[in-house]
Structures are given as structure tokens and as C-alpha cells.
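Q: Can you walk me through this one? I'd like to start with the pockets, then move on to the helices.
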Amino acid sequence: MAEFPTEREVFSKPKVELHVHLDGAIRVQTILDVAKRRGIHLPAKTVEEMKQNIILHEPGTLTSFLEKFNEYMHVIAGDREAIKRMAYEFVEDKAKEGVIYVEVRYSPHLLANAEVNPIPWNQAEGDLSPDEVVRLVNEGLSEGERAFNIKARSILCCMRHMPNWSMDIVELCKKYKDNGVVAIDLAGDESLNCKANPEHRMAYEEAVRCGIHRTVHAGEVGPATVVREAVEVLKAERIGHGYSTPKDPTLYKQLLDQNMHFEVCPISSKFTGACNSDFSTHPIIKFRQDKANYSLNTDDPLIFNSTLQLDYNIAHKYMGFTEDEFKRLNIKSAESSFLPEKEKEELLNRLYEAYEMIQSTAF
């Protein structure tokens, strides 16, 4: 990370974040504390030692990035106290970064040890179901909201390699639709599972039928055809990453015309092999030049040893982003959030006021 700019904060005004994974944003100290309490042996005793194991130090592939979760997920999964603490601390960390609204995503099944097949992370079967995971995360987020004056909502992830979980996910989205959960997502290793399984498609059809909002990881490391499938088959309202979209000019123009929102993550894209590590040639620059609808996000700050401000610094230093563009993209993020209309309007007004703009002059 030495080459990343660490100078002054380039955008200190309120921000919106739409693409960040809860299990990729855990505090390392929390992992160590929970391991000690549960008697789980870790190969490291200190935060710095543990970070060396977890952090990606060099650009790699999406697959090598995902393998990093093996270092610590077995510590958190299946533990009620840890899951609620993780959610609460996440909200505190985002508030410190100046975020006033965040949508955080996770797979409830990957944190459970009951009513899930197979049980993840080589855990013994326990009594923590995906449903209860969602309830615990909601509690942690809600307590964090009250403590830190920030609004936090969650998105539940289907996993590309586990299609048998997807109908469970949409049912959980329906159950908690009015209690913190705002959307469904499809995540996982796009490089190994490019085409959505029929069970994923069924889950998204049910989401459409029930008015559940939809986002899909697509075009991160996969071709533009994955983005097309996300939009045309899964009826995605937002695209996670989407860097390959401009390689299909017809699709790209169509999505620009539709005001499709792209959840972009600059630092992440370098380490997952999604884009050339030269930030000055990043696809996000084209999005900016074409006035696309997009947000700036951290994705998995634990594994990238990053913060939201680092992503803003990268965009400023290497991609030519100005304060006006940061304001624009945050307003676009708020407009593209999955909040109900009244709450969305309140969020937008809060941004307009903080940015000293009136709505009629907004971008």
C-alpha cells in the first residue's frame, strides 16, 4: 500500500457508500478478541501480525482475494456476540469516515452454523441459523445508528457457487424488508461462475415479483455479457463494479441512457485483478467523463488495508476527480440508494445542505 497517497483528506463532506461487505470490514482486534474468547487458535497474536496474514499485499485475482476470508471467517461465523459486535463497530467506523448513509452487504449463510448446507468454514453444526444472523446484524446496525447518527441498511447476498441458498435469501429479504434489509445481491467468484444458475434466476424473479430491490456483482473480472445478463435476466437496478461494460458499446450506451448505477471500488479493483493496476487508465475515468451514474466504495477495506478516504484520494490523485465530482457522485449515490422515497428525499436534502447547494442546481 506504500504507493497510495496518504496526504490530506480530499473530501471531508458527508458521503454515501453503497458497496461494502460486512465480513470484509471487520476490525482485526475484534477477530483476535473473539478467537481468544472462543479458544480458537490463530497463527498470529497481535493486530499487526494478523493483518499481515489477512491483507492482500500485491495485485492478484478475484479467486486469491476471496481465499483471504479463510484466515478469519471461522472465528466470527456461528458466534452471536461476534456478529452483533461486528455490525455495531462497522457503523462506528463508517461514521468516523464521514459516511451518513451506508448499505452494507453480506451472506447470512456464511455466518451461520445451522439450517445451512454445507455448513461453511468447517464448523461443527450449531444452532445459529441464517435467519437469526440477519436479526443479529440488524440489531448491531440499529444500535450503531442510534449511537453514531448515521443511517445503515443491509443487502443480503446470494453466492454464485451456492445456488441452493438463493431462494432462502429472497425469503429473508421479504421477511426483513421493513426491518433494515433493502435489497438482494449476487456475489462470489464471477471468474468461476459467469452465468447465473437457474436457482439464482428464480430468486431474482421472486424478488422482482415482491418488489425487492436488486443489485448484482457483474463485469468485475467477467466479460460485459455478465453485465448484460444481470440487467436483462436478473433485472438488476444497480451493477456491482461493472468495469467491463464499456467493452460492449451498445450495452454501455443503453445503461447510460437508463441511468444505471455502477458501484465502483477503485482500490479493490487493483487487488482483485479486475483492472490494470495503473489507476490513471482505470475504467472509472470513462464513467466520470461520460457522466455515468456511479458511487465510490471500499468493497472490503479489511483485506485491502484501506479506508473510504483512500479511495477518494486515489480518484483525486490519479483520476482527476474534483470536489464537484465528489459531490455529484454522492448525490447520484443517494438517488440510487434503495431507501424508500421519503427517506431518500431526506438523505438528499441533507447532502444538498452540507454541500451548500439547492436542489434545482444539483447535478
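A: One definition before we start. Ala, Val, Leu, Ile, Met, Phe, Trp, Tyr, Cys and Pro count as nonpolar, Asp, Glu, Lys and Arg count as charged, and the others, Gly among them, count as polar. Also keep in mind that this is a predicted model.

Q: Okay. By class, what does the lining of the largest pocket have?
A: The lining of the largest pocket has 16 nonpolar, nine polar and six charged residues.

Q: And what volume does the largest pocket have?
A: The volume of the largest pocket is about 580 Å³.

Q: Which residues are the closest to its centre?
A: Look for Leu 66, Leu 110, Met 159, His 161 and Gly 188. They are the closest to the centre among the 31 residues that line the largest pocket.

Q: Which elements give two or more residues to that lining?
A: Helix 3 (62-66) and strand 3 (151-159) do. Helix 3 gives the most, with four residues.

Q: Now the second largest pocket. How much space lies in there?
A: About 380 Å³. Its lining has 18 residues, and those nearest the centre are Ile 26, Asp 93, Pro 301, Leu 302 and Ser 306.

Q: Which elements give two or more residues to the lining of the second largest pocket?
A: Helix 1 (28-38), helix 2 (47-54), helix 5 (80-96) and helix 13 (301-304). Helix 5 gives the most to this lining, with four residues.

Q: How do the residues of that lining divide?
A: Eight are nonpolar, four are polar and six are charged.

Q: Let's stay with helix 1 and helix 5. At what angle do they pack?
A: At about 165°, with the axes of helix 1 and helix 5 11 Å apart.

Q: Are helix 1 and helix 5 roughly parallel or roughly antiparallel?
A: Roughly antiparallel, because angles over 145 degrees count that way. The crossing of helix 1 and helix 5 is right-handed.

Q: Which residues meet there?
A: From helix 1, take Gln 29, Thr 30, Asp 33, Val 34 and Arg 37. They meet Glu 81, Ala 82, Arg 85 and Glu 89 in helix 5. The residues of this contact divide into two nonpolar, two polar and five charged.

Q: What about helix 1 and helix 2? At what angle do they cross?
A: Roughly 105°, and the axes of helix 1 and helix 2 come within 9 Å. That makes helix 1 roughly perpendicular to helix 2, because 65 to 115 degrees counts as roughly perpendicular.

Q: Which residues of helix 1 meet helix 2?
A: Val 28, Gln 29, Ile 31 and Leu 32. On the helix 2 side you'll find Val 47, Met 50, Lys 51 and Ile 54. Six residues of this contact are nonpolar, one is polar and one is charged.

Q: New topic: helix 7 and helix 8. How do their axes cross?
A: The axes of helix 7 (residues 166-175) and helix 8 (residues 198-210) cross at roughly 15° and come within 8 Å. Angles under 35 degrees count as roughly parallel, so helix 7 and helix 8 are roughly parallel to each other. Their crossing is right-handed.

Q: Which residues meet in that pair?
A: Helix 7 brings Ser 166, Met 167, Val 170, Glu 171 and Lys 174. In helix 8 they meet Glu 199, His 200, Met 202, Ala 203, Glu 206, Ala 207, Arg 209 and Cys 210. By class, this contact has six nonpolar, two polar and five charged residues.

Notes. Residues numbered from 1 in each chain as written. Predicted model: local features only at pLDDT ≥ 70, side-chain atom pairs only at ≥ 80, totals over all residues. Heavy atoms only, no water. Axes fitted to C-alpha atoms, helices over the stretch in contact; angles between N-to-C directions. Left-handed = near helix turned anticlockwise from the far one by under 90°. Contact = heavy atoms within 4.5 Å. 1 Å grid on protein atoms, 1.4 Å probe; cavity = no way out; pocket = protein on both sides within 12 Å on 5 of 7 lines; lining within 4 Å. Points joined across faces, edges and corners; volume = space filled by probe spheres on them.
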